[in-house]
Amino acid sequence: MTTEPMPAGGDPHRLLSDVRGLAHRVRVDQRLTWVALLVLAAVTLVGIPFDWFGMKLHCHPDGCEFARRGVLYYWPPALLLAYAAIAVSYVRAARARGVGARVLPYAITGAVLTLLFTAAWVAAALYFPSHPVRFASWMLVLDRLIAPWGIIGVPLLVLAWLERNVALLVFTLAYLVLVLLVLPMNVGFGPPQWGIRLGFALPQLVVGVVLLLGALGFRAAHRRRR
Amino acid sequence: MTAVTGTPDPDAAHPVTGLDEVVHQRVRLGILAIAHEARRVEFGYLRSHLELTAGNLSKHLSVLEEAGLIEVEKGYEGRRGRTWITLTAAGAVALAEEIKRLKLLITQVETTDIPVER
């Protein structure tokens, strides 16, 4: 602490560097990345039984038909509640630290994309049973993007930009690669004897664990910094 | 707008002629920068991050408030009194102008190779 007034003006390089340094410290103090990831991990893991028990499954000699009604009924309200909870947590934490929050664009993007995913899934549920289509591989990637596990990644990119958080950007890009290109979120996986329900549950479990590990990692980094 | 350099500059277009004395002061520039990033900042946060005494910070806040660059709002959270500072639209413009002029000044100094007194 100093009681002496600081010198007026000064080296423009130093002034600019001070401004950038202070702005960066504020952005860091506004972060609550681990809470966002923890909430999304919880929503993902809690969603697994909804998908399991809410799935309509009809098997006949030619194969099985399934409709993931549990996903459609659980995820839209769960995601809207999750974004509201994340926004409230950010505002409260920032207020306690003495600064304003910058989370609203993230929550709004998340809510809008949730509505988009819901509309796409409702349209698909109404259209595809009477119009069976064989999808091209790029359409499967698009399908994974508008599925809940893909669509939660897009607002995380917005959050990374808002927070100027390079670590979150890297995590989110890796997460999106995992969900869109690696994990068969929309076709399930595992040997046939495991069954369709388990085939869909396993990738969701992997996603939930990845988000949980991300939350723990960001939490550890947050504690170390403070 | 007031020039803050010690020697008058014959070149009217030189960026230092546009520097605002209220904003071109390290602490006040810091207050504006923090308030801009934070949207709303508490007195205690400013005091600890700028490493100032409460009295010194209050003086700078008064200067900025009188110039219409910030708004000061006093209230309570529970029994604890808290003072929140918000940047006004004029404050945001003044900060952007100051940063623009500082960048211009750096560019001019680097390109014209004028010796700078530090």
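In which sense do strand S1 (residues 40-42) of chain B and strand S3 (residues 80-87) of chain B pair, and over how many bridges? In this predicted model, S1(B) and S3(B) pair in the antiparallel sense, over 3 bridges. One of the paired positions is B:Arg40, whose bridge partner in S3(B) is B:Thr86.

## The sheet of chain B

S3(B) also pairs with strand S2 (residues 70-77) of chain B, again in the antiparallel sense, and this pairing runs over 8 bridges. Along it, B:Ile70 has B:Leu87 of S3(B) as its bridge partner, and B:Lys74 has B:Thr83 of S3(B). S2(B) and S3(B) form a hairpin with 2 residues between them. In the turn of that hairpin, B:Gly78 has a positive phi of about 70°.

Taken together, 3 strands of chain B form an open sheet in the order S1-S3-S2, with antiparallel pairing. S1 and S2 of chain B are the edge strands, each of them pairing on one side only. From one strand to the next, the twist averages 30°.

Helix H2 (residues 43-50) of chain B packs on this sheet and touches S1 and S3 of chain B. The direction of H2(B) makes about 75° with that of S1(B). Helix H3 (residues 54-66) of chain B lies across S2 and S3 of chain B, and runs at about 125° to S2(B).

## Chain A as a whole

Chain A contains 9 helices and 2 strands. Along the sequence, these elements follow the pattern α-α-β-β-α-α-α-α-α-α-α. The radius of gyration of chain A is 22 Å, whereas a compact globule of 226 residues would have a value near 17 Å. Along the principal axes, the C-alpha atoms of chain A fill a box of roughly 85 × 30 × 25 Å. Of the 226 residues in chain A, 33% are buried. Among contacts in chain A with a separation of 6 or more, 68% come from residues 24 or more positions apart.

Two packed helices are described by the angle between their axes and the distance between the axes.

| H3(A) and H4(A) | roughly 175° | within 9 Å | 12 nonpolar, 3 polar, no charged |

H3(A) contributes A:Leu72, A:Pro76, A:Leu79, A:Leu80, A:Tyr83, A:Ile86 and A:Ala87 to the contact.

Conventions:
Residues are numbered from 1 along each chain as its sequence is written. Chains are lettered from A and ligands numbered from 1 in the order in which they are written. This is a predicted model: local features need pLDDT of at least 70, side-chain atom pairs count only at pLDDT 80 or more; totals for chains, interfaces and linings use all residues. Two strands pair if DSSP finds at least two bridges between them. Helices (H or I, at least four residues) and strands (E, at least two) are DSSP runs, numbered from the N terminus. Axes are lines fitted to C-alpha atoms, for helices over the stretch in contact, and angles run from 0 to 180 degrees between N-to-C directions. Two residues are in contact if their C-beta atoms, placed from the backbone, lie within 7 Å. Ala, Val, Leu, Ile, Met, Phe, Trp, Tyr, Cys and Pro count as nonpolar, Asp, Glu, Lys and Arg as charged, and the others, Gly among them, as polar. The radius of gyration is taken over C-alpha atoms; the globule rule is 2.2 Å times the number of residues to the power 0.38. A residue is buried if 20 or more other C-beta atoms lie within 10 Å of its own, exposed if 12 or fewer, and partly exposed in between; C-beta atoms are placed from the backbone.
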